[in-house]
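Q: Hi! Could you walk me through this one while I have it open?

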Amino acid sequence: YAHAFAATYEWIYNILIWADEVGGVTNFNLTSNGLPGTSTFVQNAKRYTPASSSDLDDLAADVEDSILISYAAREPKGSELSDGHWKGPGSGSYSRFALSVASFIKRSSVFSDLFTDKRIWQNITTPNPYYQQPGVNETNPPVYDFFVPYSEIPEEQRNFTKIKVRTTNVTVPAMFNTPSPYALIVIDGQEFEEAIQHDDSSFAPHWTAIKYVRANSTFINIRYSLWNDEFPGSD
């Protein structure tokens, strides 16, 4: 997980540098320029909001369906470990998977159209920016000519500490006839939704929420709440 975080941070850091070049910031230097992402181009991108309330609702629905599809995935006649593909077994559900896939496919929005009709993903996959074979003349010019590895990012910008909230055991009150509990955990303002455990009132889940925060942080707020899933109704 730590390596994944470092790689993601490194990737975003460099994306900001390259995007700054589009915005007119050239010859980036770690010492003189400080943090990347200062160009108007990047700042406008960060302030992006959907053009309408319906677009905002579509985006939220796409995210929700992607979460449901992930945790509800289940192999027919599969092992227990195949019962849910998100944070351990226990969350697989044929009905939830089918309903969520159907909802995701039938929805037509500006976001899904960008992917299915306009195929914007081809802009970053053709040509393959990672294909570098020594001794071969490349038909296409290099995608970038400046890269900052994680180890060279200024130390004050990569000095993090890990906050981990691990749920070791859950016991649901007897008031719920068919409990399907899950946890919502908020660490320093970021919410983590744990995988639902279907029809289970006492279990040891694979629930672990991790967030990296600045090492010099003096106070981190953590909020933990346990919910009962009432799909497709309200929890």
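A: Happy to. One term before we start: contact here means heavy atoms within 4.5 Å. Also, keep in mind that this is a predicted model.

Q: Where is T161 found?
A: T161 is in strand β1, which covers residues 160–167.

Q: And how far apart are the C-alpha atoms of T161 and K211?
A: They are separated by 8.5 Å, although T161 and K211 are 50 residues apart along the chain.

Q: How accessible is T161?
A: T161 has 33% relative accessibility, so it counts as partly exposed.

Q: Let's zoom out. How many helices and strands does the chain have?
A: Seven helices and seven strands. Along the sequence, the pattern reads α-α-α-α-α-α-α-β-β-β-β-β-β-β.

Q: What share of the residues counts as buried?
A: 31% of the 235 residues in the chain.

Q: And what about contacts between residues at least 6 apart in sequence?
A: Of those contacts in the chain, 60% join residues at least 24 apart.

Q: Now the helices. How do α4 and α5 pack?
A: Helix α4 (residues 53–72) and helix α5 (residues 94–106) pack at an angle of about 150 degrees, and their axes are 9 Å apart. Angles over 145 degrees count as roughly antiparallel, and α4 and α5 are therefore roughly antiparallel to each other.

Q: Left-handed or right-handed crossing for α4 and α5?
A: The crossing of α4 and α5 is left-handed.

Q: Which residues make that contact?
A: From α4, the residues are D62, D65, L68, I69, Y71 and A72. From α5, they are R96, F97, S100, V101, S103 and F104. By class, the contact of α4 with α5 has seven nonpolar, two polar and three charged residues.

Q: Switching to aromatics: how many aromatic pairs does the structure hold?
A: Nine aromatic pairs. One of them is formed by Y1 and Y212, and this pair is stacked, at 6.2 Å centre to centre with 15 degrees between the planes.

Q: Where in the chain do Y1 and Y212 sit?
A: The pair links distant parts of the chain: Y1 is in the segment before α1 (2–22), and Y212 is in strand β6 (residues 207–214), 211 residues apart.

Q: Buried or exposed, for each of Y1 and Y212?
A: Y1 counts as exposed because its relative accessibility is 58%. Y212 has 17% relative accessibility, so Y212 counts as buried.

Q: What about the rings of F203 and W207?
A: Their centres are 5.6 Å apart and their planes lie at 80 degrees, so the F203 and W207 pair is edge-to-face. F203 counts as buried at 8% relative accessibility, and W207 is buried with a relative accessible area of 0%.

Q: Back to Y1 and Y212: which residues form one aromatic cluster with them?
A: The cluster is formed by Y1, F5, Y9, Y13, Y150, F160 and Y212.

Q: Last topic, D188. What is its phi?
A: Phi of D188 is near 55 degrees, which is a positive value in a residue other than glycine.

Q: And where is D188, and how accessible?
A: D188 is in the loop between β3 (181–187) and β4 (190–193). The relative accessible area of D188 is 39%, so D188 is partly exposed.

Key. Residues numbered from 1 in each chain as written. Predicted model: local features only at pLDDT ≥ 70, side-chain atom pairs only at ≥ 80, totals over all residues. Heavy atoms only, no water. Axes fitted to C-alpha atoms, helices over the stretch in contact; angles between N-to-C directions. Helix = DSSP H or I, 4+ residues; strand = E, 2+ residues; numbered from the N terminus. Parallel < 35°, antiparallel > 145°, perpendicular 65-115°, else oblique. Left-handed = near helix turned anticlockwise from the far one by under 90°. Nonpolar A, V, L, I, M, F, W, Y, C, P; charged D, E, K, R; others polar. Phe/Tyr/Trp six-rings, centres within 6.5 Å; stacked < 30°, edge-to-face > 60°. Buried < 20%, exposed > 50% of the residue type's maximum accessible area, 1.4 Å probe, protein only.
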